[in-house]
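Have the coordinates open in your viewer as you read.

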Amino acid sequence: MLGSRKAFIFCSLVMLFISLCAEVFPIPAEAQKGDWKYIVIHHSATETGNAAIFDKAHRRRGMKNGLAYHFVIDNGTGKRRDGQIETGSRWKRQIEGGHVRQRWLNIQGIGICVVGNLNEKCMTEKQYWSLVWLTKHLMKKYNIPQDKVLFHGKIKGESTECPGKKFPYARFRKDININNKSNSNSKNPKKTKSSQNTRRTAK
Ligand SMILES: [Zn+2]
């Protein structure tokens, strides 16, 4: 009898400890492990910007972890190179994003933002190939299948046109198909060079 009471007290203390930890460290274990299962593509819906600018904007909106995305792909504005891949602090810390409404997807989904208003204007070729390279790199690294590469506005429960009406959905799906050896990336050596440039910045 006494044994079961002790066990009950012990369990209660463990539960209390866990709940206190959850208060102090609100990041779920899944996010800490970097167990990424999805990739979510966004546009910034602004003509200009970079990771630092969006970081400030997101902090102003009350996000204490700043920049909601894990990666930003620049368009040559905001003193960044066209096609430059910026790594956000959430990625460096391997913590959940703040780029979608549903928390489970923020925990499991890597958020990539392409700078630009893709409702009005297409992304640049350099941005495109950086996005293809980064997406494929993350797909391979975390074993993420193509059907788990999502577009913000096409996710159930999200109401937005992100990543924009001019996002090249069909072309992108074809180019991230790891099994498709004849994708347009391999046909264009010039673009491969731009991918190599971004590879260095992605580290
Ligand atoms: Zn979005």
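## Starting point: one bridge

Ile73 has Ile85 as its bridge partner in strand E3. That bridge belongs to an antiparallel pairing of E2 and E3, which runs over 4 bridges; two strands count as paired if DSSP finds at least two bridges between them. Ile73, in strand E2 (residues 71–75), also stands opposite Val114 in E4. E2 and E4 pair in the parallel sense over 3 bridges.

A word on the ground rules: this is a predicted model, where local features need pLDDT of at least 70 and side-chain atom pairs count only at pLDDT 80 or more, while totals for chains, interfaces and linings use all residues. Residues are numbered from 1 along each chain as its sequence is written.

## The chain as a whole

The protein chain has 9 helices and 5 strands, these being DSSP runs numbered from the N terminus (helices: H or I, at least four residues; strands: E, at least two). Along the sequence the pattern reads α-α-β-α-β-β-α-α-β-α-β-α-α-α.

Of its 203 residues, 36% count as buried. Buried here means that 20 or more other C-beta atoms lie within 10 Å of the residue's own, with C-beta atoms placed from the backbone; exposed means 12 or fewer, and partly exposed is in between. Among contacts with a separation of 6 or more, 71% join residues 24 or more positions apart; a contact requires C-beta atoms, placed from the backbone, within 7 Å.

## The sheet

In what order do the 5 strands lie in the open sheet? The order is E3-E2-E4-E1-E5, with mixed pairing. E3 (82–87) and E5 stand at the edges with a single partner strand each, so one side of each has no neighbour in the sheet. Neighbouring strands are turned by 20 degrees against each other on average, direction ignored. Helix H6 (residues 125–142) packs on this sheet, touching E1, E2, E3, E4 and E5, and its direction makes about 35 degrees with that of E3. Axes for such angles are lines fitted to C-alpha atoms, for helices over the stretch in contact, and angles run from 0 to 180 degrees between N-to-C directions.

## Strands E1 and E4

E1 (residues 38–43) is largely enclosed by the rest of the structure, because 6 of its 6 residues are buried. Tyr38, Val40 and His42 point one way from E1, and Ile39, Ile41 and His43 the other way. E4 is mostly covered too, with 6 of its 6 residues buried: Gly109, Gly111 and Cys113 point one way, and Ile110, Ile112 and Val114 the other.

E1 and E4 (residues 109–114) pair in the parallel sense over 6 bridges. Ile39 stands opposite Ile110, and Cys113 is the bridge partner of His42. E1 also pairs with E5 (residues 149–151), again parallel, over 3 bridges; there Val40 stands opposite Leu150.

## The nonpolar core

Which residues touch the most other members of the largest nonpolar core? They are Ile39, Phe71, Val72, Ile73 and Ile112, in a core of 36 residues. A nonpolar core is a set of buried Ala, Val, Leu, Ile, Met, Phe, Trp, Tyr and Cys residues joined through C-beta atoms within 7 Å. H6 supplies the largest share of this core, 7 residues.

Leaving aside neighbours within four places in sequence, Ile112 is in contact with residues including Ile39, Ile41, Phe71, Ile73, Leu131 and Leu134.

Conventions
Two residues are in contact if their C-beta atoms, placed from the backbone, lie within 7 Å.
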